[in-house]
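Here is a short tour of a protein model for someone meeting it for the first time. Have a look at the sequence and the fold, and then read on.

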Amino acid sequence: MTSTSTPARPATPAASRMAAVSEMTRLIRLLFEVEREFVRTASTLVYRVGEPELKYLLCQHIWESAGHARFLRERGRELTGFGTTETVRDSIRRLFNEAVGTNTANPLVLTAGFYEVLKPALLAAYRHYLKVTDHLADWPSKKLVEEFIADEERHLREITPHLKGVDAREWKLHLTQGLDDLGGWLGQETRLPLAASYVWQGEQAPYTHPATCSRGKYPLCSGVFGFDPKEDPIVRPWLTDPKTDARVIRLMVYVWLMMELDAVDYLATVFFETPAAPFDLHFDLARHLWDESRHSQFGFRQLPKLGVDLMTVEHSLDLYNILIQMPPHERYAMMTMEFEAGSFPTKALVMDRVRELNDFEADTLLAFDRNDEQNHVRFGHRWLPEMMALFGEKRPVEEFVKATQEKFKQYATIYGGKVPHSLPTAARLTGEKILKLAGV
Ligand SMILES: [Fe+2]
Ligand SMILES: [Fe+2]
């Protein structure tokens, strides 16, 4: 247990005067730690599940959970005894680490563990809080908790269709035993101590990220940017060529946006590996993750409206496959200081061309994408030095970024270009097909 827990019987008169507050603060602190650990560990599901819709939903829930944690921390700090640190106690961390499972486990079974054991227990904990607190005295917490209950109920509803037919009974029993040992997240239930034979699998074999990410039923490739209209969907010179028809550019930029799913997958790997990060770092990463999942949805939802069959769009895996070989702070440096910071000039040209089409929806999506990306680069400047410190990186940021860019180039030759096309050119979305779809 950490020093933040409050003794049941305060030792001094001053402490006993505030006992009613201290007890509720103790619960708020526990709820904060549970939400923050959910963010850190459920993010490992994102690149392991294959279905984009499920990835998007997980990113949204992770973002909302980060929001719960931040409001809980804010409220907690108004109360006596919340503590000044943001660390998570071992008993909570251990169970979330367990829920991450191994990288060979069925990710849908693991998702069921989170959503059919750990999150329902969180919902029960929030309900318990409402039951035991004074609704007038503790009104500010009550308002928050009521909202979080509605969110948690919705999360469980939203995940249900994705877990249909998934048999996770054994895994859920395993996690339930771990939870029963705590007596629920708030210790509000009778504790059922663990059997001596219980094995914490996460401690036997610590989790490591899979070498590649999953895209379920969708066709795959190494990369979607290229120079050959017979092979590649995004033909680089076409993006900036003033002679390219704007409808072609619109289709290509939607493919580009949809492929930000690679950013979703590799960014999601960073949380788990930074357990000592300040909560605000994870909060901004969660926002970043959710933004990328929305950008990907821009393409995923718009392409079919423009006549594209999504089963013909190959998903590019190179960025995940290369970056996963590098440590988290290098991944994050490449993302914010290279890919994002470097994308603005081309995207600006693309936006100007798309505006010719008077397609208000496309203009809106691209404008919000640009606004989000500006924030991401700001996040990078804010958090990269902190992330470097977490990994003992002492070089100046600029020097580190330069070295990382070089390392990436070298790694790209080793780990990149290894994913063969799932589809022959005749069946695949290419530049030439895009010309046809655009009616050029
Ligand atoms: Fe993006
Ligand atoms: Fe971004």
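Which residues of α10 are buried? They are R247, V248, I249, R250, L251, M252, V253, Y254, V255, W256, L257 and M258. Here, a residue is buried if 20 or more other C-beta atoms, placed from the backbone, lie within 10 Å of its own, exposed if 12 or fewer, and partly exposed in between. Because 12 of the 13 residues of α10 are buried, this helix is largely enclosed by the rest of the structure.

Before going further, some ground rules. This is a predicted model, where local features need pLDDT of at least 70, side-chain atom pairs count only at pLDDT 80 or more, and totals for chains, interfaces and linings use all residues. Residues are numbered from 1 along each chain as its sequence is written, while chains are lettered from A and ligands numbered from 1 in the order in which they are written. Helices (H or I, at least four residues) and strands (E, at least two) are DSSP runs, numbered from the N terminus.

The expected span is 1.5 Å times one less than the number of residues.

| Helix | Residues | Length | First to last C-alpha | Expected span |
|---|---|---|---|---|
| α6 | 139–159 | 21 residues | 30 Å | 30 Å |
| α10 | 246–258 | 13 residues | 18 Å | 18 Å |

How do α5 and α6 meet, and at roughly what angle do their axes cross? The axes come within 9 Å and cross at roughly 155 degrees. Axes are lines fitted to C-alpha atoms, for helices over the stretch in contact, and angles run from 0 to 180 degrees between N-to-C directions. Angles under 35 degrees count as roughly parallel, over 145 as roughly antiparallel, 65 to 115 as roughly perpendicular and the rest as oblique. So α5 and α6 are roughly antiparallel to each other.

The pairing of α14 and α17 (residues 397–415) has an angle of about 100 degrees, with the axes 10 Å apart. These two helices are therefore roughly perpendicular to each other. E330, A333, M334, M337 and E338 in α14 meet F400, V401, T404, Q405, K407 and F408 in α17.

M337 counts as buried because it has 21 C-beta neighbours inside 10 Å. Leaving out residues up to four places away in sequence, M337 touches G380, L384 and V401. M337 and G380 are 43 residues apart along the chain, yet their C-alpha atoms are separated by 6.9 Å.

Finally, there's N358, in the loop between α15 (344–355) and α16 (360–390). Most residues other than glycine have a negative phi. Phi of N358, however, is near 50 degrees, a positive value. N358 is exposed, with 9 other C-beta atoms within 10 Å.

Notes:
Contact = placed C-beta atoms within 7 Å.
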